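Here is a short tour of one protein model, meant to be read with the structure open beside it.

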Amino acid sequence: MTTSDTDKNPVPRSSRKPVLTHTSPKRLLNPASGFLSGYTHTLNPYVGCAFSCSYCYVREMPVAKFRGAPWGGWVDIKAETAAQLGRELERAGRKAPVTVFMSSSTDPYQPAEYEARVTRSWLEAMADSDALQFVMVQTRSPLVTRDLDVLQRLGSRVRVSMTIETDLDAMRKLFSPAAPPIAARLNALRQLAEAGIQTQAAVSPLLPCSGEFAARLAATGVQRVALDDYFRGDGSLGRRTERLGIRELYVRHGLEAWYDREALDRVRAELEAQFGADLVRVSQEGFLP
């Protein structure tokens, strides 16, 4: 099966509402491997993602390729599963302390979370669990600030990683128009830091940005930065991204200089000048517990 023309040049419409389906999975905790092998498990409260970012590597995974519907047009909700997660955490914790990456193939705070509240219920289950040692919450949504109370209950056992690939909202609109505005994400990082939550900015994948990007991130009070690009972080040395047609998007908009390994090195130097080399972590290292 080949990628459709729509998926090769994905430009999601922010007005499109995905079809929502409630599911009852037999298992919630999945063993971590590969890029996330530093964790014991991954958690995904949803299958599918309404943010529908053009460069998302999940587009090239079987869950998306063989769905028969465009990525971003459907979301499966693992509703009313908090008690099940609590039981799974207890069982897993009998073997070893549990470390979780949430989420590996969806955004736990995508629009469906406003009403479904699956992510919140799972965080509450983790806060109540003695088995949980650490959870990384990976999102690009300011909705995460709704759950400051639960995140504070988790204390040192949680870090929120906010994806901010650029400080230029024009680039956000070009590559991920259905995702939250950059200013809102920067403000969310600031709120999380002020509330005492461990935070990081995930510049992943790096998009074209201004020379003020590093300073703007530092102004939020974020504690560290994870930096990645298509060539290191898509799991196939950039081949997945090539199949999605992202290079053509760069060329069409005169951004070829940014579709290059050296772009990361340039921005890394600017980030290290703001944060220090020990607080700027590249690719897999940036997402470890």
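In this predicted model, strand β9 and strand β10 (residues 225–227) run parallel and are joined by three bridges. Within that pairing, A202 has A226 in β10 as its bridge partner. To get from β9 to β10, the chain passes through helix α9 (residues 213–218), and this β-α-β crossover is right-handed.

Strand β9 also pairs with β8 (residues 158–163): the two run parallel, with five bridges between them. Here S161 stands opposite Q200 of β9. The table puts the two pairings side by side.

| Strand pair | Bridges | Direction | A facing pair |
|---|---|---|---|
| β8 and β9 | five | parallel | S161 and Q200 |
| β9 and β10 | three | parallel | A202 and A226 |

How many of the residues of β9 are buried? Strand β9 covers residues 198–203, and five of its six residues are buried, which leaves the strand mostly covered.

Is S204 buried or exposed? Its relative accessible area is 18%; because the cut-off for buried is under 20%, S204 counts as buried. Leaving aside residues up to four places away in sequence, S204 touches T163, E165, D228 and F287.

Another well-covered element is helix α5 (residues 118–127). Nine of its 10 residues are buried, so the helix is largely enclosed by the rest of the structure. Among these buried residues are R120, W122, L123 and M126.

Now for the wider view. The protein holds 13 helices and 11 strands, and 54% of its 289 residues count as buried. Along the principal axes, the C-alpha atoms fill a box of roughly 50 × 45 × 30 Å. Among contacts with a separation of 6 or more, 76% link residues 24 or more positions apart. The accessible surface is about 12500 Å², and carbon and sulfur atoms account for 50% of that surface.

Finally, a word on confidence. The mean pLDDT is 92, and 92% of the residues reach 70 or more. Residues 1–15 have a pLDDT below 50, and this stretch has 22 contacts in the model beyond near neighbours in sequence.

Definitions and conventions:
Residues numbered from 1 in each chain as written. Predicted model: local features only at pLDDT ≥ 70, side-chain atom pairs only at ≥ 80, totals over all residues. Heavy atoms only, no water. Buried < 20%, exposed > 50% of the residue type's maximum accessible area, 1.4 Å probe, protein only. Helix = DSSP H or I, 4+ residues; strand = E, 2+ residues; numbered from the N terminus. Pairing = 2+ DSSP bridges. Right-handed = clockwise from strand over helix to strand, strands pointing away. pLDDT = per-residue confidence, 0-100. Contact = heavy atoms within 4.5 Å. Areas by Shrake-Rupley, 256 points an atom, 1.4 Å probe, with all protein chains shown as cover.
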